[in-house]
Amino acid sequence: MTEPSGVQCILSRSIDKAHVEKLIPGFAIRIGPPTESRSFVLLDCHDQSLRNSGRVLVEVAETLWLFQNGRAPLSQRCKGQGRFVQDLPQGPVKAALKGFPKLRALMQIGTGEIQTKPLVVLDELEKTLVRGTVWCLSSQTGQAAIVQLQRLRGYQKEFQKVNTAFSALSGGGPGVEALCAGLFPGMAAYRAKPEIKLGKAEPSIQVAADIIQTYLQVARQNEYGVIADIDTEFLHDYRVSLRKVRSVISLFKGVFSDAQTAQLKRVFSDLMAATGRMRDLDVYLLEKDKYFSLVPPSLHAGLQEMFNLFEMERAKELSRLSRRLRSDEYDARMSDLTAMFNGTDHLTPGSNAKRAAHEYACALIWKRYRKACKIARGITDETPDETVHDLRIDCKKLRYLMEIFGPLFDEKSFKNIIKPLKKLQDNLGVFNDCAVQQESLTAFVAQHSDTRGHVDARMGLAVGGLIAVLDQRQKAERSRVIASFQKFDGPDTRHLFQNLFHRQKE
């Protein structure tokens, strides 16, 4: 009689029966004939959240199977590829995937063939001690196995021995890492924020080149997802990567020559400009439910008209942007830029090019911190919006500098600084979003007005109501900005900045 629970082990290769039997003397393993081979698709999102959390999700014949090291597998009858987890029907797999990024779609990470085989472990008297199932997976580049072991009552010690023996077979790391190593050797997990090793004495121009080339590669990894329109986060990550490149070019003053700095600013500004409208439309559509919640139901019909127009415009923008990203001209430009930052031979150094990274980082961060504090300390309820926007930009530049140079400083101290800075940035971001959305909605109404300035009545009323609500939210957020800065500007944070970046007396 079996107990209701089971344990599974994920192996980076097919089962070596003789090896397992050596680890459990006196026991014999019997593996039955396999089921018919079927195709499987390994699913995850682009940044491989499931892999990073130690889980494996495969789709086989319109059924999802979720494997988690040390737990019994879960299954649910439905398709998963190309869908968001929140759009899956209710079931055990969907429930277990709670916490999966809402803006990321399940996509194909790899494919292969899968078979299942029954497994029993016998003692010397041919008595069954443990039962199990083996999932045998194969791809064009390797093999892996998932072994589910079932406890039998009265044989707990024997079960533990068998479980330990199978676990010892796992190579390439525990759990899902073993499976990836076996099936898809060399497949690296995507990192939107890859680790970049920096040396304190490393010349600043080399630091800049390393960072820019790294984030150019991250941007390129997102191109296919933008074109295929898998989810909106591909374009978001693409833009964030290019924004970080632009920040290095603009913030690393004197590292490149003035002429080369100006040229690079133009190049990356053009790359970013081509994606701006598409991202704006994505944000509107992602926040559709929020917009509907802000106005009374009587205005929903007009609001729906506006979103119908947004969806039509987005389809056109996607087509235009996809053509651009597929073009030979774009590919050549990105290839040339990647080659330019492969080392420093193709870069024109400025006056700060040879300055040691740590010394240069301290100077940049300290200067940006003091500028942000000077602006923030003067903000009141009457301060013009433009000044609050300036603070947002300075805080963003400060955050970028700290993230770029973070490896050069004490990690714990950095976390203590980043936390209140991030809170301040969140408030500034909401303030800015409210302002930008009001301007954009006003422009939208003007764009869809006739020659006499008249607009569809239902849509005009809905947009007008939405602008009024956003204006009230913007005013409320200003007070939160002031409160967040007061926490950021506390004595502990000031001491940390002083200690990390400006130890000498002024």
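Guide: Start with H15, which gives the most to the lining of the second largest pocket, with 5 residues. This is a predicted model, where local features need pLDDT of at least 70, side-chain atom pairs count only at pLDDT 80 or more, and totals for chains, interfaces and linings use all residues. Residues are numbered from 1 along each chain as its sequence is written, and side-chain values use heavy atoms, with hydrogens and water left out.

Visitor: What makes a residue part of a pocket lining?

Guide: It has an atom within 4 Å of a pocket point; a pocket is an open set of points on a 1 Å grid over the protein atoms alone, where a 1.4 Å probe fits, with protein on both sides within 12 Å along at least five of seven lines. The second largest pocket has 21 such residues, and Met402, Glu403, Ile404, Gly406 and Pro407 are the closest to its centre. Its volume is about 560 Å³, counted as the space filled by probe spheres set on points joined across faces, edges and corners.

Visitor: How is the lining of the second largest pocket divided by class?

Guide: Into 12 nonpolar, 2 polar and 7 charged residues. Ala, Val, Leu, Ile, Met, Phe, Trp, Tyr, Cys and Pro count as nonpolar, Asp, Glu, Lys and Arg as charged, and the others, Gly among them, as polar.

Visitor: What is the volume of the largest pocket?

Guide: About 2000 Å³. Its lining has 46 residues, with His236, Arg243, Arg392, Lys396 and Asp433 closest to the centre. H16 gives the most, 11 residues. By class, the lining has 14 nonpolar, 11 polar and 21 charged residues.

Visitor: Why do E7 and E8 count as paired strands?

Guide: A strand is a DSSP run of E with at least two residues. Two strands pair if DSSP finds at least two bridges between them. E7 (residues 107–122) and E8 (residues 128–138) have 10, in the antiparallel sense, so they pair. Val120 stands opposite Arg131 in E8. The two strands form a hairpin with 5 residues between them, and Glu126 in the turn has a positive phi of about 65°.

Visitor: What joins E8 to E9?

Guide: A hairpin, through 4 residues. E8 and E9 (residues 143–152) pair in the antiparallel sense over 8 bridges. Val134 has Val147 as its bridge partner in E9.
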